[in-house]
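Subject: A structure for you to explore

Hi there,

Here is the structure I promised to pass on.

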Amino acid sequence: MHLLNLGILAHVDAGKTSLTERLLHSAGVIDEIGSVDAGSTRTDTLALERQRGITIKSAVVSFPLDDVTVNLIDTPGHPDFIAEVERVLGVLDGAVLVVSAVEGVQAQTRVLMRTLRRLRIPTLLFVNKIDRRGAAYEDVLRAAAGRLSAAVVPMGTATGLGTPTARFTPGTVPAALDVLAGHDDDLLAACLDGAVPDGLLRRALAEQTRQGLVHPAYAGSAITGAGVDALADGIRRLLPAADGDPEGPVSGTVFKVERGPAGEKVAYARLFSGTLRVRDRIPVGEEGREGRVTAVQVFDHGTDTRRAEVTAGRIARLWGLSEVRIGDWLGTPGKTAGQLFAPPTLETVVEPVRPADRRALHLALTQLAEQDPLIGLRHDEVRRETSVSLYGEVQKEVVQATLADEYGLAVTFRETTPLCVERPVGSGAAVEFNKKDGNPFLATVGLRVDPAPAGAGTEFRLEVELGSMPYAFFKAVEDTVRETLGQGLHGWQVIDCTVTMTHCGYSPRQSHAHQGFDKSMSSTGADFRGLTPLVLTEALRRAGTRVYEPTHRFRLEAPADTLGALLPVLSALRAVPRTTETRGARCVLDGAVPAARVHELEQWLPGLTRGEGELESAFDHYAPVDRGSPVPERARTDHNPLNRKEYLLNVTRRTSG
């Protein structure tokens, strides 16, 4: 049988989990269709998922479609959990993008389709809820073609829209032929001749779909089952099967990590090449950490089945990889797409209700961060506080519920604040010499900081000879530079700069007769790790830094007669409209808004627009904080190299400073 790893993606409440249930029922995997409202679906297993009726964690379930075995991955639709979607995209052979026939194309739909097209993942569209009042099939297809810039191929006609008897009738429509002919010269020639053989049309449709050139569109209702059989047939015929050489070198990627009943790590991995067996030892991650597989489960006919091995193309659950993290490659690394979505731009401090739980809370959050690489933790030992990075407010509920359900910890949150960054304003240099001017470290380090273009990242360079001292000391300096840049002059991460090492020196290994190595007279890596923050911070001080806040681009569509009420609120939220366009009775505003004010805008919008406003926002860039505004400061969690005396008291015992 062929194997297909399929993702179902959608905006929130489009009905993708209900569609998953219907597909499983049609395939005979489940006897009764679960309900999102009742919390009885197969893929939503977390308590909070059942309570809120939304998908938070991706889930895998398998079912047969004639000669194809489908590993179906249900993904979250809420934008706060876009990181969960990002991890799944890299393991898919094809996708179904679900759009509601009532709500139509939403902001999240556009984000998902742009990413699917960029990755060239073959994608089918399913217009769901055609039985609901207000359903519009043709309008949604036009919006998909226009707003998603997608070549949509209608795969039939929908009738009885907005009624319980709504149906989807498969069949080729003239518009489909026009779209396909635009990508196929042979098909275009056949059209001009007046007759298009069915075989040629089917081949063109399958080839163009698998290349990601066109997107066949189906319609139906996950609740009544209308159109689902036609969609299942399209999944079987049009999406490509998983490939990979089972005899090749082992290569796979981990897209999810969870904890088993005994607290052990369980890794969800897609194998692209080779065969992985129980008791195999395998390199894990960039560092090549070795892990030993102790158990394997594959997904088959709706169940998790224990196997002795997993072969190329399959998705499996793996036990025994205690050091594994999400995003790790197993065996031979393959191509990486890089980060597909913006990083989180907000953070909040998590506090235990019971002060005695602080240590347990830190350990629990560390485990959660292992399962989600975009949960960034920042622990302040002095204040005994832990901050967590966020995409949005809904994530707070998830973290809170998870800590309560899985760890028995009751927590509260402080106010959400934006995650700012710092950039150097100019160039600055500093140097400290071994055994001179109060330098207590047996090391010479000179560093220069130069600004780099926006988006360039950070780079470490050498202006000294690599052989002038042991390589381990250079490595200690570089690693410490990157760590120190995590907290600039105002406590924010320093980005877009080049740090150049201009001076270096060390005290060679010293020993006494008949005695061993004398650390008090010989340089060690600790000397370079201790001195580098002082030098780098002084170089940054001389260069100067400016704080930048995360800014979202937004697209707001609302009734034109509400514009007068909208503009003052946008101004109060420091949102800056760049373009305003009127389309009949609707107006469309494009602009920029600080990330910290997006949630407020979302809350204001329904009341200002009679519930008809649509907001799409996504991280766009970092904008400098207005010079007339107070500079945002972030409490430091290091030994504060900005205060030399305090730093030396904390770091070294060799000197009083």
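Helix H11 covers residues 394-407, 14 residues in total, and spans 20 Å from its first C-alpha to its last. That is close to the 20 Å expected at 1.5 Å a residue, where the expected span is 1.5 Å times one less than the number of residues. Helices here are DSSP runs of H or I with at least four residues, strands are E runs of at least two, and both are numbered from the N terminus. The buried residues of H11 include Val394, Val398, Ala401 and Leu403; buried means under 20% relative accessible area, exposed over 50%, and partly exposed in between, with a 1.4 Å probe and protein chains only. Just after H11, Gly408 has a positive phi of about 65°.

Before we go on, a note on the source: this is a predicted model, in which local features need pLDDT of at least 70 and side-chain atom pairs count only at pLDDT 80 or more, while totals for chains, interfaces and linings use all residues. Residues are numbered from 1 along each chain as its sequence is written, and side-chain values use heavy atoms, leaving out hydrogens and water.

Now the whole chain. It holds 16 helices and 34 strands, and 53% of its 657 residues count as buried.

Next, a sheet to look for. Four strands form an open sheet in the order S26-S27-S30-S28, with mixed pairing; two strands pair if DSSP finds at least two bridges between them. Strands S26 (428-432) and S28 (458-462) are the edges, each pairing on one side only. From one strand to the next, the twist averages 15°. Helix H12 (residues 471-484) packs on this sheet and touches S27, S28 and S30 (497-506), and its direction makes about 155° with that of S28. Contact means heavy atoms within 4.5 Å; axes are lines fitted to C-alpha atoms, for helices over the stretch in contact, and angles run from 0 to 180 degrees between N-to-C directions. S26 pairs with S27 (residues 443-451) in the antiparallel sense over five bridges, and Ala429 stands opposite Arg448 in S27.

Is Asp496 buried or exposed? Asp496 counts as buried because its relative accessibility is 4%. You will find Asp496 in the loop between S29 (493-494) and S30. A polar atom of the Asp496 side chain lies 3.2 Å from the backbone nitrogen of Ala456, and one lies 3.0 Å from the backbone nitrogen of Gly457.

Pro164 has 67% relative accessibility, so it counts as exposed. Not counting residues up to four places away in sequence, Pro164 touches Asp131 and Thr224.

Six of its seven residues are buried, so S20 is largely enclosed by the rest of the structure. S20 pairs antiparallel with S22 (residues 385-390) over five bridges, where Val349 has Ser387 as its bridge partner. Three bridges join S20 to S23 (residues 411-413), also antiparallel, with Pro352 opposite Val411. Two bridges link S20 to S24 (residues 417-418), again antiparallel, and there Glu347 stands opposite Thr417.

Enjoy exploring!

Definitions and conventions:
Polar contact = N/O pair within 3.5 Å; in protein donor to acceptor, adjacent residues only side chain to side chain.
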